[in-house]
Amino acid sequence: ETGVTQTPRHLVMGMTNKKSLKCEQHLGHNAMYWYKQSAKKPLELMFVYNFKEQTENNSVPSRFSPECPNSSHLFLHLHTLQPEDSALYLCASSQEVKAGETQYFGPGTRLLVL
Amino acid sequence: GESVGLHLPTLSVQEGDNSIINCAYSNSASDYFIWYKQESGKGPQFIIDIRSNMDKRQGQRVTVLLNKTVKHLSLQIAATQPGDSAVYFCAENRPTGNQFYFGTGTSLTVIP
C-alpha cells in the first residue's frame, strides 16, 4: 500500500445530498492533492494544499469544497452535485509542493451521482 | 494546447515477453517524469521515475528511457507477467511548481 487511505471507497448520492470524502496520509508529507479521474480522460487536478494552506484551485465549481485541518488529513465536501460529477476521486500526497516531488496516490473514491 | 499523450491506447503481450509502453510529451522544459500503474479499482501506483539529466533508469524488471531530443518517454517491462496487466500512465512535471500533467494511459493486457 502507498500510505494514503481514502474513505469511503464507493459512494452513491443524489443531487440534493451533502457528503464528504476523506483522505489520510501516513507518510509525513506536507502537501496533499485532490484529483478527478473520468473515463478515458487524463487525471484532472482539482485542489492543492501545502502545509494546510490551499495553493491551487483549478477552476473547480463551488459545489466541491475542500478542507485541510492538518497536513495528514484532507476532505472534499460535496453538495448539489451533477451527474457529470460521477468519477473516481483520487487523493495524493507529496513531501511538499515543489518541482520534482513524487506524488503518491490513495485508492480513490468511486462516486456516482444520480 | 500542450499535453502528455501515449502512442497506443491498448497493448497485448504474451506472458514472458517484454513490453514497451510509449509516451510523448510536448513541453521541453519538463524535467521530471513518473510512470504510474493503475490496476482496476485501485489508485495509480508509482513504478519508476526519471529526471531530465538522465537518459535511462532501471528498476526491478522495469526500465525507463528518456529521449529529450524528440520528447519521448518509454517504459520497458521485462518478462511480463499476468500481474502486470493494468493501465500505465506517464506524468510530466514542469519546473514551475509541482503540477503533473498526465496522459490518458495505455491498457496493458498480458495473455497467459
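Two strands pair if DSSP finds at least two bridges between them. By that rule, 4 strands of chain B form an open sheet in the order β2-β7-β6-β5, with antiparallel pairing. The strands named here are DSSP runs (E, at least two residues) and are numbered from the N terminus, while helices would be H or I runs of at least four residues. Welcome to a short tour of two chains and the side on which they touch.

This is a predicted model, in which local features need pLDDT of at least 70 and side-chain atom pairs count only at pLDDT 80 or more, while totals for chains, interfaces and linings use all residues. Residues are numbered from 1 along each chain as its sequence is written, chains are lettered from A and ligands numbered from 1 in the order in which they are written, and side-chain values use heavy atoms, with hydrogens and water left out.

- Strand β2 (residues 19-24) of chain B pairs with strand β7 (residues 72-77) of chain B through 6 bridges in the antiparallel sense.
- Along that pairing, B:Ser19 is opposite B:Ile77, and B:Ile20 has B:Gln76 as its bridge partner.
- Strand β6 (residues 62-67) of chain B also pairs with β7(B) in the antiparallel sense, over 6 bridges, and B:Val64 has B:Leu75 as its bridge partner there.
- The hairpin of β6(B) and β7(B) has 4 residues between the strands, and in it B:Lys71 takes a positive phi near 55 degrees.

**The open sheet of chain A**

- In chain A, 4 strands form an open sheet in the order β1-β3-β8-β7, and the pairing is antiparallel.
- Its edges are β1 (4-7) and β7 (64-70) of chain A, each with a single partner strand, so one side of each is left without a neighbour in the sheet.
- Neighbouring strands of this sheet are turned by 20 degrees against each other on average, direction ignored.
- Strand β3 (residues 18-25) of chain A runs antiparallel to strand β8 (residues 73-79) of chain A, and 7 bridges join them.
- A:Lys19 stands opposite A:Leu78 in β8(A).

**Backbone details in chain A**

- The peptide bond between A:Thr7 and A:Pro8 is cis, with omega about -10 degrees.
- A:Pro8 is placed in the loop between β1 and β2 (10-13) of chain A.
- A:Thr80 is not a glycine, yet it has a positive phi of about 50 degrees.
- The loop between β8 and β9 (87-94) of chain A holds A:Thr80.

**Where the chains touch**

- 22 residues of chain B are in contact (heavy atoms within 4.5 Å) with 26 residues of chain A.
- The area buried between the chains (accessible area, 1.4 Å probe, lost on being put together and summed over both) is about 1,600 Å², and carbon and sulfur atoms give 54% of it.
- β3 (32-38), β4 (45-51), β8 (86-93) and β9 (100-102) of chain B each supply at least two residues of the side that touches chain A.
- β3(B) gives the most to that side of chain B, with 4 residues.

Conventions. Buried area is the accessible area (1.4 Å probe) that two parts lose on being put together, summed over both. Axes are lines fitted to C-alpha atoms, for helices over the stretch in contact, and angles run from 0 to 180 degrees between N-to-C directions.
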